Amino acid sequence: MFYIIVFTFLLGSLAWSCTSNAKRIKKSDADVECTCPHCRILIQPYGDFSNERAKAVADGLEKSLAKYVKDLAVTEVKVLPGKPLTEDLMNDAKTRYRASKILDKQAGLKSQKNDAIIGLTDKDISTSAHGYDDWGILGLSYMGHSNCVISTFRVKDKSQFWKVVLHEFGHAYLGLDHCPNNDPQCFMVDCNGKPDLARERYLCDTCSNSIRL
Ligand SMILES: [Zn+2]
Ligand SMILES: [Zn+2]
């Protein structure tokens, strides 16, 4: 009789823990019952950036968020059908694509409050910075607007590209500014035109504690 009671008790607690775990890992928006903030990530590949590569970037971002950003539930990562980068998105000299024009255009893709939009391109993108009208960049975000565009063009070691994606997502969705400690190993460090992605390996405590969700 004692064994039966113990067994029933164990079975009961096991069933309880499985149920509560299942609630946390269900992927659709409606099913996420945890109270932590959640978001849906929409990836928009441009030009020759294939859907397959965009999916690999999506997987990498999901893994890095799970590892470095606590308390954010990603409900879905969706790769949208590719789009061309049209000439109207270029700078006046027609040498690069203006990142802000891409951001303005893709802002319309947002259909839910918790959507984050990430544009991906192999083309060179630019913005006005450091006293130059047209300064080539790795990526651009509107901070806290859940909208960013990222280019592989200036990333020499493509295996490090996920760090640029995490950095821009940090600006766009996590409300992070550049690393106040200027820590060269922190993903949020300002590269000042000279990226050293191989050195970046964590989100420092100051940046982690500054996440606003
Ligand atoms: Zn930092
Ligand atoms: Zn930045």
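A crossing of two helices is called left-handed if the near helix is turned anticlockwise from the far one by less than a right angle, and right-handed if clockwise.

**Figure 1. Overview of the predicted model and its confidence.** This is a predicted model, in which local features need pLDDT of at least 70, side-chain atom pairs count only at pLDDT 80 or more, and totals for chains, interfaces and linings use all residues. Residues are numbered from 1 along each chain as its sequence is written, while chains are lettered from A and ligands numbered from 1 in the order in which they are written. The protein contains five helices and eight strands, where helices (H or I, at least four residues) and strands (E, at least two) are DSSP runs numbered from the N terminus. Read from the N terminus, the order of elements is α-β-α-β-β-α-β-β-β-β-β-α-α. The mean pLDDT, the predictor's confidence in each residue from 0 to 100, is 86 for the protein, and 84% of its residues reach 70 or more. Confidence is lowest in helix α1 (residues 2-25), with a mean of 35, and highest in strand β3 (residues 97-98), with 98. Residues 1-32 have a pLDDT below 50, and this stretch makes 13 contacts in the model beyond near neighbours in sequence. Two residues are in contact if their C-beta atoms, placed from the backbone, lie within 7 Å. Among contacts between residues at least 6 apart in sequence, 64% join residues at least 24 apart.

**Figure 2. The packing of helix α2 against helix α4.** Helix α2 (residues 51-68) and helix α4 (residues 161-172) pack at an angle of about 60 degrees, and their axes are 10 Å apart. Here axes are lines fitted to C-alpha atoms, for helices over the stretch in contact, and angles run from 0 to 180 degrees between N-to-C directions. The crossing of α2 past α4 is right-handed. On the α2 side, Val57, Gly60, Leu61 and Ser64 meet Trp162, Val165, Leu166 and Phe169 of α4. This contact comprises six nonpolar, two polar and no charged residues; Ala, Val, Leu, Ile, Met, Phe, Trp, Tyr, Cys and Pro count as nonpolar, Asp, Glu, Lys and Arg as charged, and the others, Gly among them, as polar.

Figure 3. A nonpolar core is a set of buried Ala, Val, Leu, Ile, Met, Phe, Trp, Tyr and Cys residues joined through C-beta atoms within 7 Å. A residue is buried if 20 or more other C-beta atoms lie within 10 Å of its own, exposed if 12 or fewer, and partly exposed in between, with C-beta atoms placed from the backbone. By this criterion, 32% of the 213 residues of the protein are buried. The largest core has 45 residues, of which Ile41, Ile43, Ala116, Ile118, Val165 and Phe169 touch the most other members. At least two residues of this core come from each of β1 (38-45), α2, β2 (73-79), α3 (99-106), β4 (115-121), β8 (147-151) and α4. Helix α4 contributes the most, with six residues. Apart from neighbours within four places in sequence, Ile118 is in contact with Ile41, Ile43, Gln44, Cys148, Ile150, Val165 and Phe169.

Figure 4. Leu140 belongs to strand β7 (residues 139-142). Leu140 is buried because 23 other C-beta atoms lie within 10 Å. Beyond its neighbours within four places in sequence, Leu140 is in contact with Ala99, Ser100, Leu103, Ile125, Thr127, Cys148 and Val149. Leu140 and Leu103, 37 residues apart in sequence, are 8.1 Å apart from C-alpha to C-alpha.

**Figure 5. Gly136 and Arg154.** Gly136 is part of strand β6 (residues 132-137), and Arg154 is located in the loop between β8 and α4. Gly136 is partly exposed, with 17 other C-beta atoms within 10 Å; Arg154 is also partly exposed, with 15 C-beta neighbours inside 10 Å. Residues up to four places away in sequence aside, Gly136 touches Arg96, Asp124, Ser126 and Arg154. With the neighbours within four places likewise set aside, Arg154 is in contact with Gly136 and Leu138. The C-alpha atoms of Gly136 and Asp124 are separated by 6.7 Å.

Figure 6. Lys94 is placed in the loop between β2 and β3, and its phi is near 60 degrees, a positive value in a residue other than glycine. Lys94 is exposed, with 8 other C-beta atoms within 10 Å. His130 lies in the loop between β5 (125-129) and β6, with phi near 50 degrees. His130 counts as exposed because it has 8 C-beta neighbours inside 10 Å.
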